[in-house]
Amino acid sequence: MPRNRPGRIRAGLPRRHREQNTKTIIDGLSPRVLSEIARLERTRNYLEPGTVGWAVRMWKEHVHRSARELWHHYEHGDVHEYCCGNPLQARAVLDTVLQGMSPRGARELRRVIAHLDGQLDHLSLPPPPTGP
């Protein structure tokens, strides 16, 4: 029985498709930190590829809202939370990721998050309610 060539065998196998848009791109972070974030997203069961990028984008969109929208969100809740995500949950994800990173990587990501948090400092919002 003649032997099949490896290229012919591989041609008959189904191709694996890489997921699109799973590469995390965050302005202000070095490639080293981005690769560390990608490794965390692959190895931690509470993260999926692209979760950290989603969390940064969600928090960035939240802090760039107008004061009126932020007050409405504070008083009545976010009406788009179920379809678009909760920005406060995204901020909690970022805090969790910071704990799992190396000190150098966490410092770079913390600098980006602190810049975004500084956008909220100029508004006079009341402190978040504390639970019982």
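Biologist: Which pattern does the protein chain follow when it is read along the sequence?

Modeller: The pattern is α-α-α-α-α-α-α, and the chain has seven helices and zero strands, where helices (H or I, at least four residues) and strands (E, at least two) are DSSP runs numbered from the N terminus. This is a predicted model, in which local features need pLDDT of at least 70, side-chain atom pairs count only at pLDDT 80 or more, and totals for chains, interfaces and linings use all residues.

Biologist: How do you know what α6 should span, and how far apart are its end C-alpha atoms?

Modeller: The expected span of a helix is 1.5 Å times one less than its number of residues, so the 14 residues of α6 should span 20 Å, and this agrees with its end C-alpha atoms, which are 20 Å apart.

Biologist: What makes the pair of Asp95 and Arg91 a salt bridge?

Modeller: A salt bridge needs a side-chain nitrogen of Lys or Arg within 4 Å of a carboxyl oxygen of Asp or Glu, and the closest N and O atoms of Asp95 and Arg91 are 2.5 Å apart, so the pair counts as one. Both residues lie in helix α6, four residues apart, which is about one turn of the helix.

Biologist: Which other residue meets the side chain of Arg91 in a salt bridge?

Modeller: Asp117 does, at 2.7 Å from N to O, and this pair links distant parts of the chain, with Asp117 in helix α7 and Arg91 in helix α6, 26 residues apart. Through shared partners, salt bridges join Arg91, Asp95 and Asp117 into one network, and the count by this rule is two salt bridges.

Biologist: How do you know where the buried residues of α6 lie around its axis?

Modeller: The buried residues are Pro87, Ala90, Arg91, Val93, Leu94, Val97 and Leu98. Taking the directions from the helix axis to the C-beta atoms, these residues fall within an arc of 155 degrees, so they line one face of α6.

Biologist: Which residues of α2 are buried, and which are exposed on the other side?

Modeller: Val33, Leu34, Glu36, Ile37, Leu40 and Glu41 are buried, and they cover an arc of only 160 degrees around the axis, which puts them on the same side of α2. On the other side, Pro31, Arg42 and Thr43 are exposed, while the cover over the buried residues includes α3, α6 and α7.

Biologist: What makes up the largest nonpolar core, and which members touch the most others?

Modeller: A nonpolar core is a set of buried Ala, Val, Leu, Ile, Met, Phe, Trp, Tyr and Cys residues joined through side-chain atoms within 4.5 Å. The largest one has 25 residues, of which Ile26, Leu29, Ile37, Leu94, Val97, Met101 and Leu109 touch the most other members. Helices α2 (31-43), α3 (51-63), α6 (87-100) and α7 (103-121) each supply at least two residues of this core.

Biologist: What is Ile26 in contact with, leaving aside its neighbours within four places in sequence?

Modeller: With contact meaning heavy atoms within 4.5 Å, Ile26 meets Leu34, Ile37, Val52, Gly53, Val56 and Val112.

Terms used: Residues are numbered from 1 along each chain as its sequence is written. Side-chain values use heavy atoms; hydrogens and water are left out. Buried means under 20% relative accessible area, exposed over 50%, partly exposed in between (1.4 Å probe, protein chains only).
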